[in-house]
Amino acid sequence: MKKFYTIPIFIPEKACPFRCIYCNQFTIADKIKSPSVDEVKDTIDMYLKTFPIDGIKKLGFFGGSFTGMSIEEQNQYLDVALPYIEKGKIEQIMLSTRPDYISEEILDNLKKYRVKIIELGAQSLDENVLSKSKRGHTVGDVKNASKLILKHGFELGLQMMIGLPDDTFEKSMNTAKEIIKLGAHYTRIYPTIVIKDTPLEEIFHEGKYNPLSLKDAVEWSKHLMKLFEDNNVTILRMGLHPSEGLITGNNLVAGPFHVSFKELVTTAIWKDIVNEKTKDINAEKIIVEVSPKAINYTIGYNASNRKFLNERFRAVSFTTNDGLNGYECNIYAE
């Protein structure tokens, strides 16, 4: 299978009149102003020089509410992208936007520019969570926009956040189930973190909001990941992009941020698997056999699963088998 390579174009706060309780797009995107048309072209050319010829190249407009801009402004960016599609230098255009910024007119225009994937920032499909997060849209907006997007032949992405005000594990699982039911092809899972200069920071310091611990965020995401995988919804990302301000902690106040969040989640899934498969084994040595793609996750982040098994077995070996796929695993006792 060919590998996907994405050219990210960040357009922070370009059109969004709302200020969600957790949002500081200037901080997240590490940019203050939107890129000019020339800057977009230069960015595309720069990335294309680094991509292998046989990879599938995608151009993504992220960070803001793309379709909240006027049609004229949207077209300024799309006019730059279209020639790359026509010449076969880029295979796909994707963009992210709000559920309440979708209409027949907007979708007809995007179709003309051969946009393929539209991601909606759904964040939650619980009305109370949306209201307390000051999202400015309803569950009905998400459902209506999703139906329109699929009706016009686009691929649909629905992003979700966990740990928002008033959120619970059950509500997040229900959101995931609704995302599946709505026919989404893609999702992203973002644990809520408290970023400086946001309304969420204010209520955090007032003691009115507690973010998820990293342990709980991993635990929730473990179940979400399995649910999406079992229903053929591709997870494009899990955890916030590790911008410099988050890594250094300059912009991070509190919450479950980790540069390798997805690896932590996958490690947790494999810990459950090997724990279940070894619970009745009485031996000094075991061999854990998995697919080549799963070997690092099976051993675990910082070899945590190896250490876990070494508490019960004197010797633990890991090996690969090309005949195994996904979460298939063989355990041999010696």
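Reader: In this predicted model, is alanine 303 buried, exposed or partly exposed, and what does its relative accessibility say?

Author: The general idea is that a residue counts as partly exposed when its relative accessible area falls between the buried limit of 20% and the exposed limit of 50%. Alanine 303 has 22% relative accessibility, so it counts as partly exposed. Alanine 303 belongs to the loop between α12 (295-299) and α13 (304-310), and its phi is positive, about 60°, although the residue is not a glycine.

Reader: Which value of phi does lysine 134 have, and where does lysine 134 lie?

Author: Lysine 134, again a residue other than glycine, has a positive phi near 55°. Its place is the loop between α5 (127-132) and α6 (139-151). With a relative accessible area of 52%, lysine 134 is exposed, because the limit for that class is over 50%.

Reader: How should I read a pair of aromatic rings, and how many aromatic pairs does a search of the whole structure find?

Author: A pair of aromatic rings is described by two things, the distance of the centres and the angle of the planes. The search of the whole structure finds eight aromatic pairs. In one of them, the ring centres of phenylalanine 66 and tyrosine 77 are 6.4 Å apart and the planes stand at 50°, so this pair is tilted. Phenylalanine 66 lies in the loop between β2 (56-62) and α3 (71-86), whereas tyrosine 77 lies in helix α3, so the pair ties together parts that are 11 residues apart in sequence. Both partners can also be read by their accessibility: phenylalanine 66 is buried at a relative accessible area of 3%, and tyrosine 77 counts as buried at 6%.

Reader: Which residues do ring pairs link into a cluster?

Author: Ring pairs join Tyr5, Tyr47 and Phe51 into a cluster.

Reader: Which charged residues sit over a ring, taking tyrosine 101 and phenylalanine 308 as the cases?

Author: Here one reads the distance from the charged end to the ring centre, together with the position over the face. Arginine 98 lies over the face of tyrosine 101, 5.8 Å from the ring centre. Lysine 271 has its charged end over the ring of phenylalanine 308, at 4.7 Å from the centre of that ring.

Reader: How many disulfides are counted?

Author: The count of disulfides comes to zero. Among the cysteines, cysteine 20 is buried with a relative accessible area of 4%, and cysteine 329 is buried with 6%.

Reader: What does leucine 59 touch, and is leucine 59 buried or exposed?

Author: Leucine 59, which is found in strand β2, counts as buried at 0% relative accessibility. Leaving aside residues up to four places away in sequence, leucine 59 touches Ile7, Ile9, Ile44, Ala81, Ile90, Gln92, Ile93 and Met94.

Reader: How far apart are leucine 236 and aspartate 54, in sequence and in space?

Author: Leucine 236 and aspartate 54 are 182 residues apart in sequence and 20 Å apart from C-alpha to C-alpha. Leucine 236 is found in strand β8 (residues 234-238) and counts as partly exposed at 29% relative accessibility. Its contacts, not counting residues up to four places away in sequence, are Met94, Glu119, Tyr186, Thr187 and Arg188.

Reader: How many helices and strands does the protein chain have, and what radius of gyration?

Author: The protein chain has 13 helices and 12 strands. For 334 residues a compact globule would have a radius of gyration near 20 Å, and the chain has 22 Å, which agrees. Of these 334 residues, 51% count as buried. Among contacts between residues at least 6 apart in sequence, 79% join residues at least 24 apart.

Conventions:
Residues numbered from 1 in each chain as written. Predicted model: local features only at pLDDT ≥ 70, side-chain atom pairs only at ≥ 80, totals over all residues. Heavy atoms only, no water. Phe/Tyr/Trp six-rings, centres within 6.5 Å; stacked < 30°, edge-to-face > 60°. Helix = DSSP H or I, 4+ residues; strand = E, 2+ residues; numbered from the N terminus. Buried < 20%, exposed > 50% of the residue type's maximum accessible area, 1.4 Å probe, protein only. Lys NZ or Arg CZ within 6 Å of the ring centre and 35° of its normal. Disulfide = S-S within 2.5 Å. Contact = heavy atoms within 4.5 Å. Rg over C-alpha atoms; globule rule 2.2 N^0.38 Å.
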